[in-house]
Amino acid sequence: MDDVPSSPATPAPAPAPLPVLQADCANCFALCCVALPFAKSNDFAVNKPAGTPCGNLRQDFSCGIHTRLRDKGFQGCTVFDCFGAGQQVSQVTFGGRDWRTHPGTARQMFEVFPVLRQLHELLFYVSEALTLPAAAPVHADLRRALAETEEWTRADAEALADLDVGTLRQRINTLLLKTSELVRAKVPGRKKNHRGADLMGARLSGADLRGANLRGAYLIAADLTRADLRTADLIGADLRDTDLRGADLREAVFLTQPQLNAAQGDPTTRIPPSLTRPTHWT
């Protein structure tokens, strides 16, 4: 009897693509304008409780003062970025059902949005870590963390509401810390450690901060003009009104768009190619 050729192996299904990690307001039901609270401050002109629509929100979910937010005292809106969680909640988790047409979804939608934002932020950090050759020793663990987090972004609203996202963050932060250590170890010489430091208003113009640990540092209104921040770890650093004119952030580790949006810069500020130069920079 002739040998029967074996059937070709069924190819493994391709992994699901990562959610888009940039905000797409046109496909979001203005969740940041409703779900989140505002506190009257330099960032917001009014107080607004969570779950209450902003007074500037239109019926079509657009902002009535979008082009004048800074002039009207809503600088905080121009800084905020959901890392794409808004459209994920609106179009995937809730299948395109908005909270106005389907008011029964509102409470749960507003509850899930902050959870998805944290998941998308984690995806952003892990994705960046996987692009760093120096972090190769932890790439396998990072890929597993990426897959787990991505799977959570596709969970239903009930599961997301019950997710202990804090524990997940802690586990992934261990990998991000190791990533940071591996990257910064490539910088010769002694690196500055300013983790969690109060550097508000600090005069650091022209400082060599290559490989520095600035995780969670308070750099509000600090002078970092012409500072060299290549390979500095900036995860969680508060850059509100930080002067970055002429600074070099091209290889800064874990720098995000919201951080840039909160800072001040100019055409000579060098930023990573994956990020966008804020429109308010002179």
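Helices here are DSSP runs of H or I with at least four residues, strands are runs of E with at least two, and both are numbered from the N terminus. With that settled, let's start.

This is a predicted model, where local features need pLDDT of at least 70, side-chain atom pairs count only at pLDDT 80 or more, and totals for chains, interfaces and linings use all residues. Residues are numbered from 1 along each chain as its sequence is written, and side-chain values use heavy atoms, with hydrogens and water left out.

First, the overall picture. The chain has seven helices and zero strands. Read from the N terminus, the order is α-α-α-α-α-α-α. The C-alpha atoms fill a box of roughly 85 × 55 × 30 Å, taken along the principal axes. The chain has 282 residues, and 49% of them count as buried. Buried means under 20% relative accessible area, exposed means over 50%, and partly exposed lies in between, with a 1.4 Å probe and protein chains only.

Now contacts. Contact means heavy atoms within 4.5 Å. Take the contacts with a separation of 6 or more: residues 24 or more positions apart account for 44% of them.

Next, the core. A nonpolar core is a set of buried Ala, Val, Leu, Ile, Met, Phe, Trp, Tyr and Cys residues, joined through side-chain atoms within 4.5 Å. The largest one here has 86 residues. Leu31, Trp99, Leu219 and Leu229 have the most contacts inside it. Which elements give two or more residues to this core? They are α2 (85-93), α3, α4, α5 (157-162) and α6 (165-184). α3 gives the most, with 14 residues.

A closer look at Leu229. Leave aside its neighbours within four places in sequence. Leu229 then touches Leu209, Leu214, Leu224, Leu244, Ala247, Asp248, Leu249 and Ala252.

On to helix packing. Axes are lines fitted to C-alpha atoms, for helices over the stretch in contact, and angles run from 0 to 180 degrees between N-to-C directions. Under 35 degrees counts as roughly parallel, over 145 as roughly antiparallel, 65 to 115 as roughly perpendicular, and the rest as oblique.

α3 (residues 106-129) packs on α4 (residues 139-153) at about 155°, with the axes 9 Å apart. So α3 is roughly antiparallel to α4. The α3 side of the contact includes Leu116, Leu119 and His120. On α4, His139, Leu142 and Trp152 are among the residues involved. By class, this contact has nine nonpolar, five polar and one charged residues. Ala, Val, Leu, Ile, Met, Phe, Trp, Tyr, Cys and Pro count as nonpolar; Asp, Glu, Lys and Arg as charged; the others, Gly among them, as polar.

How do α3 and α6 lie? Their axes come within 11 Å and cross at roughly 20°. The two are therefore roughly parallel to each other. Gln118, Glu121 and Tyr125 of α3 are among the residues in this contact, and so are Arg169 and Ile172 of α6. The classes are nine nonpolar, two polar and two charged.

Last, two backbone details. Most residues other than glycine have a negative phi. Ala221 has a positive phi of about 60°, although it is not a glycine. Asp241 also has a positive phi of about 60°, and is not a glycine. Where is Asp241? Asp241 sits in the loop between α6 and α7. Ala221 is in the loop between α6 and α7 (257-262). Ala221 is partly exposed, at 46% relative accessible area. Asp241 is partly exposed, at 38%.
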